[in-house]
Amino acid sequence: MNKGLHRQAWYRQVWPWVLILIPFTAVLFGIFMITVATNYPDDLVVDDYYKDGMAINRSLEMDNRADEMGIVAHLELVGADRIGFIIEGASDSAVVLNIRHVTDRSQDKKVLLLPDENNLYVSRPDENATYQMAMGSKGVWYLDLEGVDSHWRLKARIETPVTALTMSAP
């Protein structure tokens, strides 16, 4: 027997714990991934492809209609808290402005623009979010102007702050 060599218990050595830790971390990571997948589902996956395809066709028809009508929209800042568009070639009773943030869906807005005079469609004074979007901090937004009566649409991608903008059909 060798007196200088004494054996330690297995739980006091490093290598058994390293070997136990590897599958344990794999199990923890798997639980984490399942939790993330169930709490934050993928918004890009759709259930009804046919319905989405029909909606895309309607959107393309709206773009073509704007081109046929020769609609052009120019951004107008009205006062300190309102925004509007001078829209040439349209005579709708109202226009809907959809403002979509590139990455954050919670910042998306839908604003109703009502006609004033000389084809100026203006937001209500209480909807100053559009003005803040146009003059606020830097960011990337998608804008859609949609005619309520004539069923046309203009689209644009902007980087704020914006003071001048012209939208026309592609």
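Predicted model: local features only at pLDDT ≥ 70, side-chain atom pairs only at ≥ 80, totals over all residues.
Residues are numbered from 1 along each chain as its sequence is written, and side-chain values use heavy atoms, without hydrogens or water. Local features need pLDDT of at least 70 and side-chain atom pairs pLDDT 80 or more, while totals for chains, interfaces and linings use all residues.

**View 1. A nonpolar surface patch includes Ile-22 of helix H1.** Val-14, Trp-15, Val-18, Leu-19 and Ile-22 make this patch of about 560 Å². Patch residues have over 30% relative accessible area (Shrake-Rupley, 1.4 Å probe, only the protein chains shown counting as cover) and no salt bridge (a Lys or Arg side-chain nitrogen within 4 Å of an Asp or Glu carboxyl oxygen); nonpolar side chains are joined within 5 Å. Ile-22 lies in H1, residues 14-39 (helices are DSSP runs of H or I, at least four residues; strands are runs of E, at least two). Ile-22 counts as exposed because its relative accessibility is 53% (exposed is over 50%, buried under 20%, partly exposed in between).

**View 2. Strand S2 pairs with S1 and with S5.** S1 (residues 72-78) and S2 (residues 82-88) run antiparallel, joined by 7 bridges; pairing takes at least two DSSP bridges. Here Val-72 faces Glu-88 in S2. S2 also pairs with S5 (residues 120-122) in the antiparallel sense, over 3 bridges, with Phe-85 opposite Tyr-121 in S5.

**View 3. Helix H2 has a buried side and an exposed face.** Look for Met-62, Asp-63 and Ala-66, which are buried in H2. They sit on the same side of H2 because their arc around the axis is only 95° (taken from the directions from the helix axis to the C-beta atoms). The face turned away from the buried side carries exposed Tyr-49, Tyr-50, Glu-61 and Glu-68.

Methods. Patch = residues over 30% accessible without salt bridge, like charges linked within 9 Å, V, L, I, M, F, W, Y side chains within 5 Å. Buried < 20%, exposed > 50% of the residue type's maximum accessible area, 1.4 Å probe, protein only.
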